[in-house]
Amino acid sequence: MPDMTTLILDGAATPLLHRDAATRLAGDRLIVETPFWEITVDDHAQPLSALLDRADGTIKLDALAEAVGLAPDLAARLLEPLAEEGAVIDASAPIRVGDAAFLDVFQQECRLMMRALAEQPFWRRILSGQASPTLVFGWGLEFAHFVDSANEYMPIGIAHARESAEIREIFARHYVEEANHAAIFFDGLARCGLDRARMAAAPPLATTRALINLLVEHALEGSVAYAAGFAVMQPETEPTERGNVVSFYADLSALYPFAAPMFRAFERHACLDLDLGHHETVFKSLWNAGGVPLSARPQALRAARSVAEAFTLFFEGILGVYGTAGAEFPRRPARM
Ligand SMILES: [Fe+2]
């Protein structure tokens, strides 16, 4: 459970029921469920339920409370326990808070977006042990395409970092560290018996390409949009214990022994990123270097949210295509 920075939900907050939270009314009670906990609210369950139904992150709390007949102060108090657990966030908080809190609030939203990703049907299928070899290897290959695209969008991000030599150097060092990581995945897949030439020729899925295109567009936009993507892709967390990484992939290897060399590659890469300190984001470095002015905060937020959305589609694409019986793998390039 991530450590939540407690947000003050005042009348100008724009509450958003987070995507991995679900609500249901059971008689006089409101039950709010996330993958991590369940909370039952006995007081004002009906109006609170109606408020959460409307809490899409664009409407101020004052207006939401009025629409459901609650006093704004009471609505804020009722939402507080949900906000503490990350089931409700103030979608405009990163824009409204002062300099001291911005980085924490922004990174907290990024962590929550990634947490929601882990609840995707793709992950549920993988962790259930019911995924087909095509889905498992399809995931590996699409992920390798994505990691390889660092060589496409990261140099563009460096070239369009125009603030200072210091920032270009931060981005360049990060790129140098990431540049060869795709080889780890392709090697792992090859050790599972996949043909290197066919993997190289296989076009990424449209959803994988869409994610890469988005990262290219953000790189062209400049430092803030470029770095914001990493706040989602490599979210600022406590460094995961190496032992947790090893046991996660050992469990996957036990579920899918045919893909054990691929999971060893995933594990090697995760440990390498840990050693390189990639849990500390380049966005934080950009912020520390003074590269995120007040006026750029909406851009950072939009970029981070769209990358999270593109990642959701990335996993939906993998499940949708490779999770279907008879799916072609590796995909063949179109010949005109
Ligand atoms: Fe990496």
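This is a predicted model: local features need pLDDT of at least 70, side-chain atom pairs count only at pLDDT 80 or more; totals for chains, interfaces and linings use all residues.
The domain assignment divides the protein chain into two parts. Domain 1 covers residues 15-90, and domain 2 covers residues 105-322. Their C-alpha centres lie 32 Å apart. The two domains touch. Domain 1 gives 6 residues to the contact, and domain 2 gives 5 residues.

An open sheet of 3 strands was found, with the order S2-S3-S4. Its pairing is antiparallel. In general, strands of a sheet pair through backbone hydrogen bonds, in either a parallel or an antiparallel manner. Strand S2 (22-26) and strand S4 (38-41) form the edges. Each of these edge strands pairs on one side only. Neighbouring strands of the sheet are turned against each other by 20 degrees on average, direction ignored.

The pairing of S2 with S3 can be followed residue by residue. Strand S3 spans residues 29-33 and pairs with S2 over 5 bridges, in the antiparallel sense. Arg24 stands opposite Ile31 in S3. Leu25 stands opposite Leu30, also in S3. S2 and S3 form a hairpin with 2 residues between the strands. In this hairpin, Gly27 takes a positive phi near 65 degrees. As a general point, side chains in a regular strand alternate between the two faces of the sheet.

A helix pair was examined next. Two packed helices are described by the angle between their axes and the distance between the axes. Helix H13 comprises residues 223-233, and helix H17 comprises residues 297-322. Their axes are 8 Å apart, and the helices pack at an angle of about 45 degrees. Angles under 35 degrees count as roughly parallel, and those from 65 to 115 as roughly perpendicular. H13 and H17 are therefore oblique to each other. Their crossing is right-handed.

The contact between these helices can be listed on both sides. H13 contributes Val224, Ala225, Ala228, Gly229, Ala231, Val232 and Met233. These residues meet Gln299, Ala300, Ala303, Ala304, Val307 and Ala308 in H17. Of the residues in the contact of H13 with H17, 11 are nonpolar and 2 are polar. No charged residue takes part in this contact.

Terms used:
Residues are numbered from 1 along each chain as its sequence is written. Axes are lines fitted to C-alpha atoms, for helices over the stretch in contact, and angles run from 0 to 180 degrees between N-to-C directions. Helices (H or I, at least four residues) and strands (E, at least two) are DSSP runs, numbered from the N terminus. Angles under 35 degrees count as roughly parallel, over 145 as roughly antiparallel, 65 to 115 as roughly perpendicular and the rest as oblique. A crossing is left-handed if the near helix is turned anticlockwise from the far one by less than a right angle, and right-handed if clockwise. Two residues are in contact if their C-beta atoms, placed from the backbone, lie within 7 Å. Ala, Val, Leu, Ile, Met, Phe, Trp, Tyr, Cys and Pro count as nonpolar, Asp, Glu, Lys and Arg as charged, and the others, Gly among them, as polar. Two strands pair if DSSP finds at least two bridges between them. Domain bounds come from an automatic or database domain assignment.
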